[in-house]
Amino acid sequence: MSPPSSLSNLPQWAIDLQSPPKPRPKPSNIPDPPGFSAAPTGKRSLSAKQPSRKAPSVDETDMLKIKKSWEVALAPAKALPMNAIMMYMSGNSLQIFSIMMVFMLFKNPIQGILQTNQVFTKYESPRTKDKMWLVKAVYVLMNLVALGLGIWKVNGMGLLP
């Protein structure tokens with residue numbers, strides 16, 4: 001049997017990959033090794049054996065939403081040490097780099113404060129609404145601390161009276 005004309009210009013190894021050999025019958029005199037299963041393996045057979053995962057309850061979902069909202073609320077505080085080191089290293093002279101750093105130090109917290117409700121909308125539910133006010137207050141407080149860092153830098157540059 002000759003290969004089709006479209007396969008004639010391909011190398012032999014490519015032809016072998018496109019048409020794999022037929023499986024050979026197992027010789028009856030060689031036993032299977034211990035632990036060998038003749039059943040086909042694949043994603044379907046493995047997923048069929050595993051028990052299905054139960055859906056999380058409403059309480060678990062609400063608890064995860066609260067935990068994630070706390071992570072978001074504390075994110076500005078995690079950026080404070082990096083911002084403080086960058087402000088210290090940029091110096092107190094009026095240069096384009098230090099002016100841009102101060103601009104970003106003011107812009108990001110102000111944007112965060114103005115968008116507080118949009119940041120936390122995906123974590124709010126009727127059951128978590130009463131717990132979210134503290135999370136939002138911490139988020140605003142951390143952004144105010146970042147603004148304070150910007151005011152400290154502007155004062156150090158001599159731009160405040």
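## Asparagine 83, a buried polar position

With a relative accessibility of 17%, asparagine 83 counts as buried in this predicted model, and the residue lies in helix α3. Once neighbours within four places in sequence are left aside, asparagine 83 is in contact with Leu105 and Leu149. Both of these leucines also belong to a nonpolar core of nine residues, which has Met87 and Met157 among its other members.

## The overall fold

The secondary structure of the protein consists of six helices and zero strands, so that the pattern read along the sequence is α-α-α-α-α-α. Of the 161 residues in the protein, 24% are buried. When contacts between residues at least 6 apart in sequence are considered, 74% of them join residues at least 24 apart.

## Helix α3 against helix α4

Helix α3, which covers residues 58-90, and helix α4, which covers residues 96-114, have axes that come within 10 Å and cross at roughly 155°. The two helices are therefore roughly antiparallel to each other, a description that applies to angles over 145 degrees, and their crossing is left-handed. On the side of α3 the contact is made by Asn83, Met86, Met87 and Ser90, while α4 brings Phe97, Ser98, Met101, Val102 and Leu105. Sorted by class, this contact holds six nonpolar and three polar residues, with no charged residues.

Serine 98, which is found in helix α4, is one of the residues in that contact, and at 1% relative accessibility it counts as buried. Not counting residues up to four places away in sequence, serine 98 touches Ser90, Gly91, Ser93 and Met157. Serine 98 and valine 154 stand 56 residues apart in sequence, yet their C-alpha atoms are 9.7 Å apart in space.

## Helix α3 against helix α6

The packing of α3 with α6 has an angle of about 5°, and the axes of the two helices are 9 Å apart. With such an angle, α3 and α6 are therefore roughly parallel to each other, the term used for angles under 35 degrees. The residues of this contact divide into 20 nonpolar, four polar and two charged.

Alanine 79 lies in helix α3 and, with a relative accessibility of 27%, counts as partly exposed. The C-alpha atom of alanine 79 is separated by 8.6 Å from that of alanine 146, although the two residues are 67 residues apart along the chain.

## Helix α4 against helix α6

The axes of α4 and α6 come within 9 Å and cross at roughly 160°, which makes α4 roughly antiparallel to α6. This crossing, too, is described as left-handed. From α4 the contact takes in Val102, Leu105, Phe106, Pro109, Ile110, Gly112 and Ile113, and these meet a set of α6 residues that includes Tyr139, Asn143, Ala146, Leu149, Lys153 and Val154. Taken by class, the residues of this contact are 14 nonpolar, three polar and one charged.

In soluble globular proteins, nonpolar side chains tend to be buried together. Here the largest nonpolar core has ten residues in all, namely Ile66, Val72, Ala73, Phe120, Tyr123, Met132, Val135, Val138, Tyr139 and Met142. The elements that give two or more residues to this core are α3 and α6, the latter covering residues 129-156, and α6 provides the largest share, which is five residues. Methionine 142, a member of this core, is in contact with Ala73, Pro76 and Ala77 when its neighbours within four places in sequence are left aside.

Apart from this core lies another one, of nine residues, and its members include Met87, Leu105, Leu149 and Met157. Among these, Met87 and Leu105 also take part in the contact of α3 with α4, whereas Leu105 and Leu149 are both listed in the contact of α4 with α6.

Not counting residues up to four places away in sequence, lysine 136 touches Thr116, Asn117, Phe120 and Glu124.

How values were computed: Residues are numbered from 1 along each chain as its sequence is written. This is a predicted model: local features need pLDDT of at least 70, side-chain atom pairs count only at pLDDT 80 or more; totals for chains, interfaces and linings use all residues. Side-chain values use heavy atoms; hydrogens and water are left out. Axes are lines fitted to C-alpha atoms, for helices over the stretch in contact, and angles run from 0 to 180 degrees between N-to-C directions. Helices (H or I, at least four residues) and strands (E, at least two) are DSSP runs, numbered from the N terminus. Angles under 35 degrees count as roughly parallel, over 145 as roughly antiparallel, 65 to 115 as roughly perpendicular and the rest as oblique. A crossing is left-handed if the near helix is turned anticlockwise from the far one by less than a right angle, and right-handed if clockwise. Contact means heavy atoms within 4.5 Å. Ala, Val, Leu, Ile, Met, Phe, Trp, Tyr, Cys and Pro count as nonpolar, Asp, Glu, Lys and Arg as charged, and the others, Gly among them, as polar. A nonpolar core is a set of buried Ala, Val, Leu, Ile, Met, Phe, Trp, Tyr and Cys residues joined through side-chain atoms within 4.5 Å. Buried means under 20% relative accessible area, exposed over 50%, partly exposed in between (1.4 Å probe, protein chains only).
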